[in-house]
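The sequence and structure are shown here for reference.

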Amino acid sequence: MPLSILVPLVTVGILGIALLLHLLGLSRPVALSDESAARDAWLSEFPDDAPLRVLLSRNRMAALVETPKGRGVVWPMGADTTARYLTGARITRRAEGLRISLPDYTAPRIDLVLDEAETGVWAAPEEQDA
Amino acid sequence: MSDQITFPDVVNWAVPFFIAAILIELLWIVLKGRGGRYETRDAVTSLILGAGSVASGVLLGFIAYGFFMALWAITPLDLGTSWWVIALCFVLDDLRYYWVHRFGHRIRWVWASHVNHHSSQHYNLTTALRQTWTGTFTFMMVVRAPLILLGFHPALVLFCGGLNLIYQFWIHTEAIGRMPRWFEAVMNTPSHHRVHHGRNPRYLDANYAGVFIIWDKMFGTFVPELDHEKPDYGLVHNLGTFNPIRVVFHEWVGILRDVIQPGLTWRERLMYCVAPPGWSHDASRDTSADIKRKHLAKHPSDRGSPGFTAPE
């Protein structure tokens with residue numbers, strides 16, 4: 001197929017599918033239903049390190065996890081979740097909450113939407129890790 | 001010897017079909033409320049990776065093709081392009097695909113290229129298009145060398161490879177349960193390939209087939225999809241980014257960081273490149289064998305069941 005046809009076809013195809021998915025409401029990130037869901041999401045990534053304590057954000061869009069190996073965070077990846085330890089994390093406050101910068105090429109930045117009171121609770125122990 | 005044989009670039013010609021099939025699958029899922037999941041950023045990442053894969057083929061394809069033509073120049077054999085030669089080439093190229101794919105999961109250098117195909121936590125037709133940009137750098141084109149030396153023209157071999165890729169598109173779906181028993185016995189199917197994309201310990205390192213599942217049955221890597229254990233799609237450690245550049249290159253970056261860390265022997269540096277994914281010099285990470293062993297320690301009753309039959 002000539003590139004003069006292929007390139008527009010691929011471009012329109014990607015943009016069209018993206019628009020359609022968004023209009024169908026498929027861009028909404030998943031929410032963690034409760035602490036148990038957050039715990040399961042953590043164990044899905046780190047099955048050998050069960051959480052000792054889970055702190056779910058009020059909007060249920062993230063969870064702070066304390067484990068025998070250290071602290072970590074669970075957050076949505078689209079309709080799913082992932083998790084990382086906070087080892088080497090740099091925590092900065094933003095108007096909407098916190099930004100966690102990790103020395104991890106596969107998860108360089110996590111933006112958490114937290115209210116002011118929550119931000120203080122989440123940031124306090126984490127800033128000690130930074 | 002025939003040097004000027006041409007075959008259509010079937011993958012590019014299949015692009016309209018890919019788009020139409022994705023729209024049909026999406027419509028099916030939305031209308032029926034079952035048969036898979038879609039998410040915008042995940043799908044867009046897959047589609048961008050697909051487009052980038054085609055672009056990398058345009059930019060870097062000359063390297064593999066040049067290598068094949070050099071082999072073609074030295075081989076005294078020319079099988080021509082009769083229908084049976086095309087059919088035989090398709091079957092043998094599928095055997096080639098099986099081994100390249102198996103290497104892709106067992107050798108980290110090759111996994112670095114293939115990993116992005118497994119990086120989605122979804123399993124739908126867009127996942128099929130989440131293809132590598134860096135395949136040229138794995139040097140796996142050498143596995144095709146015997147085909148060329150046996151007298152299959154490079155253009156024919158690449159044509160069969162394109163057909164193989166197109167076949168594999170439709171099996172990336174949850175909308176199809178199981179095909180008729182005879183078909184499941186011989187061909188790679190959505191059910192077999194869902195297993196391949198599963199990160200469940202049971203399903204790791206299974207079902208490498210492209211078109212014919214018989215290769216997995218012959219070489220002992222076949223695991224059936226179990227009704228009581230739905231595949232959990234994605235990587236053992238799922239990515240925390242949808243950035244296509246990071247998705248494509250993350251394992252290469254991981255290899256580089258591991259290889260240059262101070263205090264390693266040269267053997268350890270080499271092993272970070274060629275050992276199975278998850279290998280580490282201090283055993284701080286898990287390979288698929290470690291993951292299976294740990295699973296069996298927690299669930300000893302699974303020992304001997306599909307996916308846990310290999311000797312430890």
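## Chain A

In chain A, 35% of the 130 residues are buried, where buried stands for 20 or more other C-beta atoms within 10 Å of a residue's own, exposed for 12 or fewer, and partly exposed for anything in between, with C-beta atoms placed from the backbone. The model is a predicted one, in which local features need pLDDT of at least 70 and side-chain atom pairs count only at pLDDT 80 or more, whereas totals for chains, interfaces and linings use all residues. Residues are numbered from 1 along each chain as its sequence is written, and chains are lettered from A and ligands numbered from 1 in the order in which they are written.

The secondary structure of chain A consists of three helices and seven strands, arranged from the N terminus as α-α-β-β-β-β-β-β-β-α; helices (H or I, at least four residues) and strands (E, at least two) are DSSP runs, numbered from the N terminus. The radius of gyration of chain A is 18 Å, well over the 14 Å that the globule rule gives for 130 residues, so chain A is more spread out than a compact globule. Here the radius is taken over C-alpha atoms, and the globule rule is 2.2 Å times the number of residues to the power 0.38.

Chain A is assigned domain 1 (1-28) and domain 2 (35-129), with bounds that come from an automatic or database domain assignment. The C-alpha centres of these two domains of chain A lie 33 Å apart.

## Chain B

Chain B has 14 helices and zero strands. Its radius of gyration is 20 Å, close to the 20 Å that the globule rule gives for 312 residues, so chain B is as compact as a globular protein of that length.

The table sets out some values for the two chains.

| Chain | C-alpha box along the principal axes | Contacts at least 6 apart in sequence that join residues at least 24 apart |
|---|---|---|
| Chain A | roughly 55 × 25 × 25 Å | 39% |

Two residues are in contact if their C-beta atoms, placed from the backbone, lie within 7 Å. In chain B, buried residues make up 40% of the 312 residues.

Helix H8 (residues 154-169) of chain B has 16 residues and reaches 23 Å from its first C-alpha to its last, close to the 22 Å expected at 1.5 Å a residue, the expected span being 1.5 Å times one less than the number of residues. Its buried residues include B:Pro154, B:Leu156, B:Val157, B:Cys160 and B:Leu163, and what covers the buried residues of H8(B) includes helices H1 (10-13), H3, H4 (83-106) and H7 (145-149) of chain B. B:Phe90, which lies in helix H4 of chain B, touches B:Cys160 and B:Leu163, not counting residues up to four places away in sequence. Because B:Phe90 has 19 C-beta neighbours inside 10 Å, B:Phe90 counts as partly exposed.

Helix H10 (residues 190-197) of chain B is mostly covered, with seven of its eight residues buried, including B:His192, B:His193, B:His196 and B:His197.

## Contacts between the chains and nonpolar cores

Between the chains, 26 residues of chain A are in contact with 29 residues of chain B. Helix H1 (3-23) and strand S4 (80-85) of chain A each supply at least two residues of the side of chain A that touches chain B, and H1(A) gives the most to that side, with nine residues. By class, this side of chain A has 16 nonpolar, six polar and four charged residues, where Ala, Val, Leu, Ile, Met, Phe, Trp, Tyr, Cys and Pro count as nonpolar, Asp, Glu, Lys and Arg as charged, and the others, Gly among them, as polar.

A nonpolar core is a set of buried Ala, Val, Leu, Ile, Met, Phe, Trp, Tyr and Cys residues joined through C-beta atoms within 7 Å. Of the 50 residues in the largest such core, A:Ala38, A:Ala63, A:Val73, A:Val74 and B:Leu47 touch the most other members. Helix H3 (residues 40-74) of chain B gives the most to this core, with seven residues, and the core draws at least three residues from each of domain 1 and domain 2 of chain A. A second, separate core of twelve residues includes B:Phe68, B:Phe152, B:Val157 and B:Leu158.
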